[in-house]
Amino acid sequence: MSSIKENVQSIQEKMFNACLRAGRNPESVKLMAVSKFHPQEAVFEAIEAGLDLFGENRVQEAAEKFPAVLEQNPDVSLHLIGSLQKNKVKHIVPLASCIQSVDRFDLAEEIVRQCGKVQRTTPLKLLFEVHTGEDSKAGFTDLDELLRTVEFCEANAGCGIVPAGFMTMAPFTDEEEAIRASFRKLVKIRNQVQTRFSALKLDELSMGMSADFEIAIEEGSSLIRVGTAIFGERVYA
Ligand SMILES: *Cc1c(COP(=O)(O)O)cnc(C)c1O
């Protein structure tokens with residue numbers, strides 16, 4: 001079995017080559033390590049391998065694993081990438097630098113409410129998760145609700161949040177065209193929304209996972225979320 005460090009190096013090489021193929025600056029794509037279902041030791045190993053951006057799906061798991069990690073590593077940041085219940089928002093707001101899974105209006109409202117209560121040194125970034133693939137359930141499906149949510153976040157920027165971009169998951173398939181279509185749909189929606197809200201800077205495009213990050217980079221991803229290819233298979237207890 002290869003080590004986390006070897007895995008990271010191999011992914012970085014593939015990222016670099018995908019950027020070259022697409023005529024993109026290799027510095028324009030960030031690598032996030034998705035550490036869900038992997039122990040804290042694995043996170044420390046990934047930090048040793050040079051990574052500083054982590055993603056977790058569930059608030060409780062993040063709250064068990066990350067306070068110590070962040071305490072000891074001020075340069076490390078954590079994003080929440082999984083679907084978020086309103087009653088968990090208050091527990092993740094003090095811990096994360098970004099919530100990538102803003103997928104409905106009332107969740108944005110609750111995030112703003114909780115940001116008003118917590119002293120953060122930097123504003124909490126928000127990404128709007130958009131449904132772009134057939135079999136995923138997550139994300140906005142209704143453009144009007146998305147626009148209404150972005151408008152609400154714009155009106156409340158300054159209350160400890162910054163709307164920063166979009167996230168999506170491509171369908172789980174090996175049909176490359178279906179995966180590309182999903183990523184292209186996100187880029188198109190980003191462009192539409194950006195045009196409507198020109199005061200915001202909605203540059204972050206979080207797309208691509210272990211199986212499809214090279215395609216995502218070719219389609220314009222600025223942040224790939226990689227779990228299995230770094231840490232190995234997840235063991236669901
Ligand atoms: C688990 C997960 C990932 C990472 O998936 P891998 O296929 O293991 O790379 C990325 N994004 C989200 C939203 C996830 O839930």
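Me: What is the relative accessible area of Lys30, and how does Lys30 count?
Reply: This is a predicted model, where local features need pLDDT of at least 70, side-chain atom pairs count only at pLDDT 80 or more, and totals for chains, interfaces and linings use all residues. Residues are numbered from 1 along each chain as its sequence is written, and side-chain values use heavy atoms, with hydrogens and water left out. Buried means under 20% relative accessible area, exposed over 50%, and partly exposed in between (1.4 Å probe, protein chains only). Lys30 has a value of 36%, so it is partly exposed.

Me: Which residue meets Lys30 in a salt bridge?
Reply: A salt bridge needs a side-chain nitrogen of Lys or Arg within 4 Å of a carboxyl oxygen of Asp or Glu. For Lys30, the N to O distance is 3.0 Å, and the partner is Glu204.

Me: How many residues apart are Glu204 and Lys30?
Reply: The side chains of Glu204 and Lys30 form a salt bridge. Helices (H or I, at least four residues) and strands (E, at least two) are DSSP runs, numbered from the N terminus. Glu204 is in strand E7 (residues 204-206) and Lys30 in strand E1 (residues 30-34), so the pair links distant parts of the chain.

Me: Is Glu204 buried or exposed?
Reply: The relative accessibility of Glu204 is 11%. Glu204 therefore counts as buried.

Me: How many residues apart in sequence are the parts tied together by Glu218 and Arg21?
Reply: These two side chains meet in a salt bridge, at 2.9 Å from N to O. Glu218 lies in helix H8 (residues 213-218), while Arg21 lies in helix H1 (residues 4-22), so the pair ties together parts with a sequence separation of 197 residues.

Me: Which helix holds Arg180, the other partner of Glu218?
Reply: Glu218 also forms a salt bridge with Arg180, with the closest N and O atoms 2.7 Å apart. That pair ties together parts 38 residues apart in sequence, because Glu218 lies in H8 and Arg180 in helix H7 (residues 176-196). Glu218 is partly exposed at 28%, whereas Arg180 is buried at 10%. The helix that holds Arg180 is H7.

Me: Which residues are linked in a network of salt bridges?
Reply: By the salt-bridge rule, the count comes to 15. The network links Arg21, Glu176, Arg180, Arg184, Glu214, Glu218 and Glu219.

Me: Which residues is Glu219 in contact with, leaving aside neighbours within four places in sequence?
Reply: Glu219 sits in the loop between H8 and strand E8 (223-226). At 14% relative accessibility, it counts as buried. Contact means heavy atoms within 4.5 Å. By that cut-off, Glu219 is in contact with Arg180, Phe183, Arg184, Val187 and Met207.

Me: Which residues touch the most other members of the largest nonpolar core?
Reply: A nonpolar core is a set of buried Ala, Val, Leu, Ile, Met, Phe, Trp, Tyr and Cys residues joined through side-chain atoms within 4.5 Å. The largest has 70 residues, and the members that touch the most others are Phe54, Ile111 and Ile230.

Me: How many residues of helix H5 (residues 105-115) are buried?
Reply: Ile111 is one of the buried residues of H5. What covers the buried residues includes helix H4 (89-92), strand E4 (98-102), strand E5 (124-129), helix H6 (143-156) and strand E6 (161-167). H5 is mostly covered: of its 11 residues, the number buried is 8.

Me: At roughly what angle do the axes of helix H2 (residues 40-48) and helix H3 (residues 59-72) cross?
Reply: Axes are lines fitted to C-alpha atoms, for helices over the stretch in contact, and angles run from 0 to 180 degrees between N-to-C directions. Angles under 35 degrees count as roughly parallel, over 145 as roughly antiparallel, 65 to 115 as roughly perpendicular and the rest as oblique. H2 and H3 are therefore roughly parallel to each other. Their axes come within 10 Å, and the crossing is at roughly 30°.

Me: Is the crossing of H2 and H3 left-handed or right-handed?
Reply: A crossing is left-handed if the near helix is turned anticlockwise from the far one by less than a right angle, and right-handed if clockwise. The crossing of H2 and H3 is right-handed.

Me: What is the relative accessible area of Ser35?
Reply: Ser35 is found in the loop between E1 and H2. Its contacts, leaving aside neighbours within four places in sequence, include Val43, Phe54, Lys65 and Phe231. Ser35 is buried, and its relative accessible area is 0%.
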